[in-house]
Amino acid sequence: MKYSPDDIEQKWQKTWAGEDSFDAVQGDGKPNFYCLMMFPYPSGSIHMGHVRNYAIGDVLARLKRMQGFSVLHPMGWDAFGLPAENAAIKNNIHPAAWTYSNIDNMRAQLKRLGYSYGWKDEIATCHPDYYRWEQLFFLHFLERGLAYRKKAYQHWCPKCSTVLANEQVVEGLCWRCDSPVEQKELTQWFLRITDYAEELLADLDKLADGWPDRVITMQRNWLGKSVGAEIEFKLAEGGESIRVFSTRQDTVFGATFMSISGEHPLLDSLIKGKKEESAVRAFVEKLRREKAQAVREEQEKEGVFTGSYCKNPFTGELMPIWVANFVLSTYGTGAVMAVPAHDQRDLEFARKYKLPVRVVIQPKNGPPLNGADLAEAYDGPGIMQNSAEYDGLDNETGKERIAEWLTTHDQGKRAVNWRLRDWNISRQRYWGTPIPVVYCEKCGTVPEKAGNLPVVLPLEIKTHPDGRSPLPDTPEFYRCACPKCGGEARRETDTMDTFVESSWYFARFTDARNTKQAFSPEAIKKRLPVTQYIGGVEHAILHLLYSRFFVKALRDCGFIQLDEPFSRLLTQGMVLKAGVKMSKSKGNVVAPSDMIDKYGADTVRLYCLFAAPPERDFEWTESGIEGSYRFVQRVWRLADELAGKLPLARACSSSAGDAHSVPARETRLQEHAAVKKAGEDIADRFQFNTAIAAIMEFVNHLYLVKDELSATEEDKKILSSAVSTLLTLLAPFTPHLAEELWQILGNTGAFGRVSEQSWPVYDESALQREIITVVVQINGKLRGKIEVPAGITPAELEKTALKTPNVQRHLAGLSIKKVLYVPGKLVNVVAA
C-alpha cells in the first residue's frame, strides 16, 4: 500500500473529532496531568514556532494519557488587544469580525496537525462569557485596595495611542511596534502588584526544581529587591526634605550633591522664582521628549542646577540640587544622593560639572584613593575614612551603625526598595475588556454591581482610522445609571491591558463551560497548578510574573487555594531559517500548510521535534524535513510488508521464553531498550530528539532481522511484539501514522486503537545480553573477536581470549606482560 499522508491524517482527525477522543473527564479518578501551551493571539495563520511549541505539548499529553493520567490539554485564544485592533483597522474590518474569522482559520490549521486538544474547553478572551469573570475579579481587587486610580506620568506610545506598563517599554521603545515612547500625564487604573513583591520573590525558591534557572533569574532581577536605608536631606530654605533610598548609606559622608528626576514632586517648589527656573523647565521638557527613561550606562550624563540646596544630615554641608537625566522617577524615591567617588555615573557627572569628589571608602589592599585624580569610581568594600566617628570601620559595619543613627535621630530608617512598580492596566483603546467602574457627580467613582456584569463591549461601533478608542465618542456605551444612587453617570471608557486576560486563563480552562462561576473549587483542586507549561522565554517577565501575581491575589480574594500557577515550565527555542528567526519582513517564512501538503502533518511534527532539543533554536532545512519524511515512509513500508504475516500482539508482550534464537533475543533486548530510552527522554528530560533517535535505531534493527524472524512461527511472536512496540512509541510523535498502521496490522479490532494502549513498560532483565561480543587486541591492534557469556569473569575471559587461534599466532615468541580489560567490550594483551 502506498503511503498517502493526506488521506490517512484526515481520516483519523475526523474519527477523533467525531468521538471527542481527547476531551478531559473531570471525575475519572485518574491522577491529573494538566498540559498547557501559552495560548496564541489569533493572527490568522500559525507559524513554525507554533507548530514546534504545540508538538512538544502534544507528545507529553499523548504520553501521559497512555500512562494512565487524566489529561487536560486545552486550546484557546488571547483574542483582545492592539494587534487585532490595528490589523482590523488596516483591513477596514471590525476587530470582532477579524478576530473570530482568524480563530476559525487557526483552529482548522491546528486540527490539521492532529493535536490532541479537548476542544470542548476552548475559550476566547474577547467573549463576554470569559471577561465577565475578569470584571468580577477587578471588583474584588477594588474592594481589597488591590486596584486603584491615580494621576501620574505614564509611558505613552503615540503610534498605538495608548499607555504602556513599565514592563512593556524595552530600551525606550514600545514592545509591540518599536516606536519611541513618550511621557504623558494621565489618570490611570493600577493593580497593586507591589504588595506581593516579597512573596513573588520568596516563592521563586518553590519553582527552582521545575523552572529554567534563567527565567527565575530574570524574574528575580525584575523584582529588584535592594536592602539599604532611607535618608532625609532637609532643604536649606527649610520646610520639606528630599528623601533618598541608598544601598550604600556607608558612603553618605561622600555625598557632595543631590540628583533628582525631572518628575520629582518637589521640583516646582525648588525652582519657583529662581533665575534657573526657565533653564530647568526647558531641560525637563527635553527629557520628556526623549525616549521614555531608556537609561543606559554609556549615555552621556546631563543635568541642570535647580538653584536650591539641601543639607547633608551627617556633614552639615549644603549640597546643590541638580536635575539629572540618569535618575529614574520609577526607582527609589526619584532622588539620589550623589557620591561621585563611589558611583561611576555620579563621578562622570561631577567631572563634567566640576562638582567635589570625596573618597570615604578606602580598599583594604592597594594604593590609597584620592578624589582629585580618581579615574574610576570605587564601589567595592573597604575601610571608612573622612566619615567622622565612623573612620576605621569596615564599611559593612558602618552601614549598620549609620542605619541605627538615622533611626535614633529621626533622619531616616532601614528600608527595602523594589524595582517592581504597580501594574498600569488602563488602555486607551477599544478592543479590550471594559473596566467595570462608573463616575457619578454625586457619588464619585463607583464600582459596577456584580449582578450587572458583564459590562459588554459594544460591537455595533466603528473604529477610528488613527487607532483612538471610539468608546469616549459613543454615548450608548458611556451613558449609564449610577449603581449607587441611580442618577446619571458616565462609564469608564478605558479598557484593560490584554495581559490581564492571559493572567488567569489557565484557571478558566479547568471549568470552561461553567456559567455560574469562573471555575469551581473542585475543578481548581483537581487541575491546578498546571503540571507542565510550555512557551517562549520572551514571556519570562510580563506574562509569567503577572500570572503569578494574579494567582496570589485571587487566593486572597477567596477564589482559589493556590500559591503558584505553574509547577513546571519549559521554554522552547525559536525556529530559524538562514540563521535568523522566521518573519514575513525577512522573507524567510516557511508556511506550515505548504509543508503539510507536501510531506504530511506527521512528518512536520516529527521534524520539529527531532531537529534539536526543545530549549534550543533550530535551523529549518529542506534536507532535514526530507530526512524525516524518508523515515516515516520507512516505518510505513516495514509495517505494510509484515501486515497479515504476524500474530496479533500488544507492545512488549513477548517473554524471554519466546526468544529461541540469537536474533530473537537481540530483538527483544532492542525493543525494551527503545522503550526505556524513549520513555525517560520524553517524560524526564524533554529530549524528544534523542527519543526519536532511539526509535530510529530500533527501526534499523527491525529491518535487519525482519526476514529471519518472520520465517519461523516461533520467532514471529517476538517480531510482532516488537512492531507493536514501535507503533506505540511512535504514537505521541506521529499519531496518524501509528494509528493507521496499528489498524492495518489488525491490532485495532483486537486491542483498541494505539492511542488507547498503555505506554509499554520495559523489563530490566530483558536489557541484559546473554552473549556479548568482546574485541581482542594485542598491543592495541585488533587480533580477533570472541562471543562469551555476559557474566563471564575476568579470569575466564582472559583464558578464552588467549585460546583464540589468531591471538596465539600473534603471541608466538612474545612474553605477556599484562592483560587490560574494558568490561563487556575489550581485552588488550600487552606483550613484548
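Analyst: Lys 354 counts as exposed because its relative accessible area is 74%, where exposed means over 50%, buried under 20% and partly exposed in between, with a 1.4 Å probe and protein chains only. The model is predicted, so local features need pLDDT of at least 70 and side-chain atom pairs pLDDT 80 or more, while totals for chains, interfaces and linings use all residues. Residues are numbered from 1 along each chain as its sequence is written, and side-chain values use heavy atoms, without hydrogens and water.

Lys 354 sits in the loop between α10 (344-353) and β16 (361-362); helices (H or I, at least four residues) and strands (E, at least two) are DSSP runs numbered from the N terminus. Its phi is positive, about 55°, although Lys 354 is not a glycine.

Asp 178 is another non-glycine residue with a positive phi, about 65°. Asp 178 is found in the loop between β8 (173-174) and β9 (182-191), and its relative accessible area of 55% makes it exposed.

Two loops hold a cis peptide bond. One joins Leu 453 to Pro 454, with omega about 5°, and Pro 454 belongs to the loop between β22 (444-447) and α12 (475-478). The other runs from Leu 528 to Pro 529, with omega near 0°; Pro 529 is in the loop between α15 (521-527) and β26 (530-536).

Gln 154 is buried, at 8% relative accessible area, and is part of strand β5 (residues 147-157). Leaving aside residues up to four places away in sequence, Gln 154 touches Val 163, Glu 182, Gln 183, Lys 184, Gln 188, Phe 190 and Asn 424, a contact being heavy atoms within 4.5 Å. Thr 187 is 33 residues from Gln 154 in sequence, and their C-alpha atoms are 8.9 Å apart.

For the whole protein, the secondary structure amounts to 26 helices and 34 strands. Of its 832 residues, 56% are buried. Among contacts between residues at least 6 apart in sequence, 72% link residues at least 24 apart. The C-alpha trace spans about 105 × 80 × 50 Å along its principal axes.
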